[in-house]
Amino acid sequence: MMNEFIKYISSAIPDLNEDTLSVLKKSFSKIEVKKDHLLLKQGQVCNNLYFIFEGISRSFSIKDDKEYTTWFGFKNNFITSFISFFQESQVTKVSKCLPMN
């Protein structure tokens, strides 16, 4: 799967040199999660950048006990809370892995 990731990155940014690709390989690790797994929860600080190899992710906010979908992530998409990741602030949305069937 990591080779697929590097191929995808290389096709999106064809001029990456081997040193950069090596850093990318070392910076990412593969995890497998089950459906309904929460990648991000409201109130936590996001420390990870995820890449979807397969499946779907849904980001949503919760207000007055209702869920409001704000984004879907599909195969070959990155998912994170960029504001939380870069500013080390609390996540305002939830990101959840969805079932494929």
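Modeller: Buried means under 20% relative accessible area, exposed over 50%, and partly exposed in between, with a 1.4 Å probe and protein chains only. The model is predicted, so local features need pLDDT of at least 70 and side-chain atom pairs pLDDT 80 or more, while totals for chains, interfaces and linings use all residues. Residues are numbered from 1 along each chain as its sequence is written, and side-chain values use heavy atoms, leaving out hydrogens and water.

Biologist: Why is F28 called buried?

Modeller: F28 has 18% relative accessibility, which is under the limit, so it counts as buried.

Biologist: How many aromatic pairs does the structure hold?

Modeller: There are 10. Rings of Phe, Tyr and Trp (its six-membered ring) pair if their centres lie within 6.5 Å; planes under 30 degrees apart are stacked, over 60 edge-to-face, and the rest tilted.

Biologist: Why is the pair of F5 and F78 called edge-to-face?

Modeller: The ring centres of F5 and F78 are 6.2 Å apart, so they pair, and their planes meet at 80°, so the pair is edge-to-face. F5 belongs to helix 1 (residues 2–12) and F78 to strand 5 (residues 78–79), 73 residues apart. Helices (H or I, at least four residues) and strands (E, at least two) are DSSP runs numbered from the N terminus.

Biologist: What makes the pair of F28 and F78 tilted?

Modeller: F28 and F78 are 6.3 Å apart centre to centre, with 55° between the planes; that angle is neither stacked nor edge-to-face, so tilted is what remains.

Biologist: Why does the pair of F28 and F78 tie together parts of the sequence?

Modeller: F28 lies in the loop between helix 2 (18–27) and strand 1 (38–40), and F78 in strand 5, so the parts joined are 50 residues apart in sequence. F28 and F78 also belong to one aromatic cluster with F5, Y8, F51 and F53.

Biologist: What puts R58 over the face of F60?

Modeller: R58 lies at 4.2 Å from the ring centre of F60. A charge sits over a ring if NZ of Lys or CZ of Arg is within 6 Å of the ring centre and within 35 degrees of the ring normal.
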